[in-house]
Structures are given as structure tokens and as C-alpha cells.
Amino acid sequence: FEGGCGGAAVGILFSGGIDSMVLARLADLELPPGQPIDLLTVAFGASPDEAPDRLTARNGLSELSSLSARRWRLVEVDVSFPMLQRRREQ
């Protein structure tokens, strides 16, 4: 990916759980230091900021930031129940 939107070339679906933390750290160790990594976290429902995966993802970002000076970007994607239902019906 090369573009003018300032996004990263690498994105990881990120819950902050052990599997996504390991993938993020491995990417961190393998990619050039100046290359940012997007961490994509998806939360469903009326209160996405209170979703367990969202909270874990924020904690995981904090941990990764303490391990590496890399530019991490947590991309928070909110999906409401009506939006999810409409998509399932398509």
C-alpha cells in the first residue's frame, strides 16, 4: 500500500488477546522501524467503548508501546446491532 491517506502498509485484526499481541510483536520485530502498524479493533453493540475486546485492545496497545518506539495506530471500528443485522440480511 502506498498512498496519501497516511495509513500503514500492515494492519492486524487486534483484540489485545495473546494471539493478536504475538502477531503484532512479531510484525514489530520484522518490519523496518519507521513503518507504522495499524491495529484494527472491532466492537459490536450500543456501548463499543465498554466492549471487553475494546478494553483489552487498548491495554494491549499500551503494552506494545512500552516494548517498542514504533508508531502504532489503534483503529477502533464500531458496529451497531442494527448495522450488523442489516448486513446479515443482505
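These are my notebook entries on a predicted model of one chain.

**Ground rules.** I number residues from 1 along each chain as its sequence is written, and for side-chain values I use heavy atoms, leaving out hydrogens and water. Since the model is predicted, I ask for pLDDT of at least 70 for local features and count side-chain atom pairs only at pLDDT 80 or more, while totals for chains, interfaces and linings use all residues.

**Entry 1: the whole chain.** I began with the elements and found three helices and three strands. For these I take DSSP runs, numbered from the N terminus: helices are H or I with at least four residues, strands are E with at least two. From the N terminus on, I read the order as β-α-β-α-β-α. The C-alpha trace spans about 40 × 30 × 20 Å along its principal axes. I then looked at burial: 32% of the 90 residues are buried. My cut-offs for relative accessible area are under 20% for buried, over 50% for exposed and partly exposed in between, with a 1.4 Å probe and protein chains only. As for contacts (heavy atoms within 4.5 Å), I took those with a separation of 6 or more, and residues 24 or more positions apart account for 70% of them.

**Entry 2: H1 against H2.** Two packed helices are described by the angle between their axes and the distance between the axes. How do H1 and H2 pack? I get an angle of about 30° and axes 11 Å apart for H1 and H2 (residues 52–67). The axes are lines fitted to C-alpha atoms, for helices over the stretch in contact, and angles run from 0 to 180 degrees between N-to-C directions. I therefore call H1 and H2 roughly parallel; the label covers angles under 35 degrees, with over 145 roughly antiparallel, 65 to 115 roughly perpendicular and the rest oblique. From H1 the contact takes Met21, Ala24 and Arg25, and from H2 it takes Gly60, Glu63, Leu64 and Leu67. I sorted these residues into four nonpolar, one polar and two charged. Here Ala, Val, Leu, Ile, Met, Phe, Trp, Tyr, Cys and Pro are nonpolar, Asp, Glu, Lys and Arg charged, and the others, Gly among them, polar.

**Entry 3: the core.** Next I looked up the largest nonpolar core, which has twelve residues, among them Ile12, Phe14, Met21, Ala24, Leu64 and Trp72. Such a core is a set of buried Ala, Val, Leu, Ile, Met, Phe, Trp, Tyr and Cys residues joined through side-chain atoms within 4.5 Å. H1, S2 (37–44), H2 and S3 (72–79) each give two or more residues to this core.

Entry 4: Val22 sits in H1 (residues 18–30), and I list Val22 as partly exposed because its relative accessibility is 40%. Its C-alpha is 10.0 Å from that of Leu64, 42 residues away in sequence. Ser20 is also in H1. Is Ser20 buried or exposed? Ser20 is buried, at 3% relative accessible area. Setting aside neighbours within four places, I find Ser20 in contact with Ile12, Leu13, Phe14 and Ser15.

Entry 5: Phe81 belongs to H3 and is exposed at 52%. Leaving out residues up to four places away, Phe81 touches Phe44, Gly45 and Ala46. Gln90 lies in the segment after H3 (81–89), and I count Gln90 as exposed because its relative accessibility is 70%.
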